[in-house]
Amino acid sequence: MGRIFVVELEGRSYRCKFCRTHLALADDLISRTFHCRRGKAYLFTNAVNTTTGPPEERMMLSGLHTVADIFCCCCGQILGWKYESAHEKSQKYKEGKFVLERGSIVDDIDFSTEFYIDSHASMSDSEDA
């Protein structure tokens, strides 16, 4: 097994929800109108820090496509799929593009607005000092 080299992206990016690995730049976002079995999905021109499964023919809402599932290279979670080829002329623009499922990614803005919860015991007004 080899060493995993992780690409760190500069600028606003989307990350793996499970391990926070950088996946795609916000500047590479093409569309927010895609859907998957589990909800919304985003189409990107490029994605990094992923591994690709075997290509397979899959019937989508927009027709038959050859796609390959993509996984986070660090934690192995399924993130979405890559369009390898489209069989209909009107869908050729998707070839080589990546779909990341919204439920599997977080935006840097989502990531930076998470808040810290203090789990240490503290006194409340009803406790004696």
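H87 counts as partly exposed because its relative accessibility is 43%, where buried means under 20% relative accessible area, exposed over 50%, and partly exposed in between, with a 1.4 Å probe and protein chains only. The model is predicted, so local features need pLDDT of at least 70 and side-chain atom pairs count only at pLDDT 80 or more, while totals for chains, interfaces and linings use all residues. Residues are numbered from 1 along each chain as its sequence is written, and side-chain values use heavy atoms, with hydrogens and water left out.

H87 lies in the loop between β8 (78–86) and β9 (98–101). Strands (E, at least two residues) are DSSP runs, numbered from the N terminus. Apart from neighbours within four places in sequence, H87 is in contact (heavy atoms within 4.5 Å) with E57, L64, H65 and T66. The side chains of H87 and E57 are joined by a polar contact of 2.8 Å, and those of H87 and T66 by one of 3.4 Å. A polar contact is a pair of N or O atoms within 3.5 Å; within protein, one must be able to donate a hydrogen and the other to accept it, and residues adjacent in sequence count only if both atoms are side-chain atoms. H87 and T66 are 21 residues apart along the chain, and their C-alpha atoms are separated by 8.0 Å.

Elsewhere, an open sheet of 3 strands runs in the order β2-β1-β10, with antiparallel pairing. β2 (22–25) and β10 (105–107) are at the edges with a single partner strand each, so one side of each has no neighbour in the sheet. Two strands pair if DSSP finds at least two bridges between them; β1 (residues 13–16) and β10 have 3 bridges in the antiparallel sense. C16 has I105 in β10 as its bridge partner.

Note on methods. Helices (H or I, at least four residues) and strands (E, at least two) are DSSP runs, numbered from the N terminus.
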